[in-house]
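Please read them beside the sequence and the structure.

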Amino acid sequence: MRDFKSKVQSPKSNASPKSTVHSPKSRFASFTAFAALASFASFALFASPAFAQGPNLDDQVNRISKELYCPVCPNTPLDVCDTLACQQWRALIKDRLQKGESEQQIREYFVAQYGNRVLGAPPAEGFNWLAYILPGVALIVGGAAVWATARRWRATRADRAMLAQSPPLAREYSERIEKELRESSN
Amino acid sequence: MNRAAQLVVMSLIIGALAFFALGLRARGEVQPSSGVAPDFSLTTFDGQTIRLSQFRGKIVVINFWASWCIPCREEAAFLEQAWRAYKERGVVFIGVNWSDPEPDARKYLKEYAITYYNGIDLGTKIGQAYRIKGVPETFFVGKDGNLRGNILGPITPTSGFMTPNEFLKRLDALLSE
């Protein structure tokens, strides 16, 4: 008993050995504290998935809702729409997530059930490809056109600058040639 | 810019314009109210599969609805009453549930004790065929399978679309054809 007491006593403690003796009252207090700690730990252990699931599930619902569109309001995603229809759809998403379906499965379910119009962007298939390809092609062709025009303008400006710097006689000849060319083309 | 590049740019512009024109045309489409009613099949909530064309020779009322739609609720009880009153006279009612979670749709049917054919418009294909813009919308199909008008809102005394009396008169008129 003495040994035990010395073990539980802190080595640096100056308290008398008596103070470390576990009286029935203090033992009861320790037991209560231990039980409370144990029950809290087991509660935390078993309840934590449910607590963690709450915000996580809501995040998932929001993530899916952002990509799906209200059946009533044009161009309004579910996550910002307050209609009864969207509330029901969000509840449906949550329900299916709770049943263990993945986000992709839920998206697929919504498309199967309510059509492609629930999606923010049309699926890349068939005629819809045009919507994906056209902007890129237009950007490339437009950029090429701008580049070609800018190049031509720069060349013309360089020609004019060269002409301006040339001696007066050469300039006179050049202007005459240009004038005659204009007349001949008319 | 050489000739080939000009052609590419021109064809791109024309393509883009055609693309937008198609989109605008689709947006401007109105619901059909005459001509052959688009045929469809529907699996009802109790598992039967029906097809519109199987009711040729009868008057068919197609009603698009959703449980979240308040005006649909306003006409629900009347539609059930009308169906019960006319079912023995060669009138068929088909409820097409549009963009609605199934559990809510089932609750709605139970709440209004609806007994006529009702099923989910899977992929909203029927809604697209009838070019509906929302719910409720109701279409009349004559005995010959042709559309005989539509109602683009609820059937209530004050909705301004069609009153219950006008609806019943329309059914009588179609039956007498």
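1. Leaving aside neighbours within four places in sequence, B:Ala66 is in contact with A:Ala85 and, in its own chain, with B:Cys72, B:Asn97, B:Trp98, B:Ser99, B:Asp100 and B:Val135. Two residues count as in contact if their C-beta atoms, placed from the backbone, lie within 7 Å.

2. On conventions: this is a predicted model, in which local features need pLDDT of at least 70 and side-chain atom pairs count only at pLDDT 80 or more, while totals for chains, interfaces and linings use all residues. Residues are numbered from 1 along each chain as its sequence is written, and chains are lettered from A and ligands numbered from 1 in the order in which they are written.

3. B:Ala66 also figures in the largest nonpolar core, which has 55 residues; B:Ala66 and B:Val141 have the most contacts inside it. Such a core is a set of buried Ala, Val, Leu, Ile, Met, Phe, Trp, Tyr and Cys residues joined through C-beta atoms within 7 Å. Buried means 20 or more other C-beta atoms within 10 Å of the residue's own, exposed means 12 or fewer, and partly exposed lies in between, with C-beta atoms placed from the backbone. In soluble globular proteins, nonpolar side chains tend to be buried together.

4. B:Val141 has a bridge partner on each of two strands: B:Val60, and B:Leu147 in S7(B). Strand S3 (residues 59–65) of chain B pairs with S6(B) in the antiparallel sense over five bridges. Strand S6 (residues 137–141) and strand S7 (residues 147–151) of chain B are also antiparallel, joined by three bridges. Strands pair here if DSSP finds at least two bridges between them. Helices (H or I, at least four residues) and strands (E, at least two) are DSSP runs, numbered from the N terminus.

5. The hairpin of S6(B) and S7(B) has five residues between the strands, and B:Gly145 there takes a positive phi near 85°.

6. These strands belong to an open sheet of five in chain B, in the order S5-S4-S3-S6-S7, with mixed pairing. Its edge strands, each pairing on one side only, are S5 (117–120) and S7 of chain B. From one strand to the next the twist averages 20°, the axes being lines fitted to C-alpha atoms and the angles running from 0 to 180 degrees between N-to-C directions.

7. Is B:Thr43 buried or exposed? B:Thr43 is exposed, because 12 other C-beta atoms lie within 10 Å. The residue lies in strand S1 (residues 41–43) of chain B. Beyond four places in sequence, B:Thr43 is in contact with B:Thr49 and B:Gly119.

8. Chain A has six helices and zero strands. Buried residues make up 11% of its 186 residues. H5(A) has 37 residues and reaches 54 Å from its first C-alpha to its last, close to the 54 Å expected at 1.5 Å a residue, the expected span being 1.5 Å times one less than the number of residues. The count of buried residues in H5(A) is zero.

9. At the interface, 20 residues of chain A are in contact with 16 residues of chain B. Helix H3 (84–98), helix H4 (103–114) and helix H5 (129–165) of chain A each supply at least two residues of the side that touches chain B. The largest share, seven residues, comes from H5(A). This side of chain A divides into 15 nonpolar, four polar and one charged. Ala, Val, Leu, Ile, Met, Phe, Trp, Tyr, Cys and Pro count as nonpolar, Asp, Glu, Lys and Arg as charged, and the others, Gly among them, as polar.
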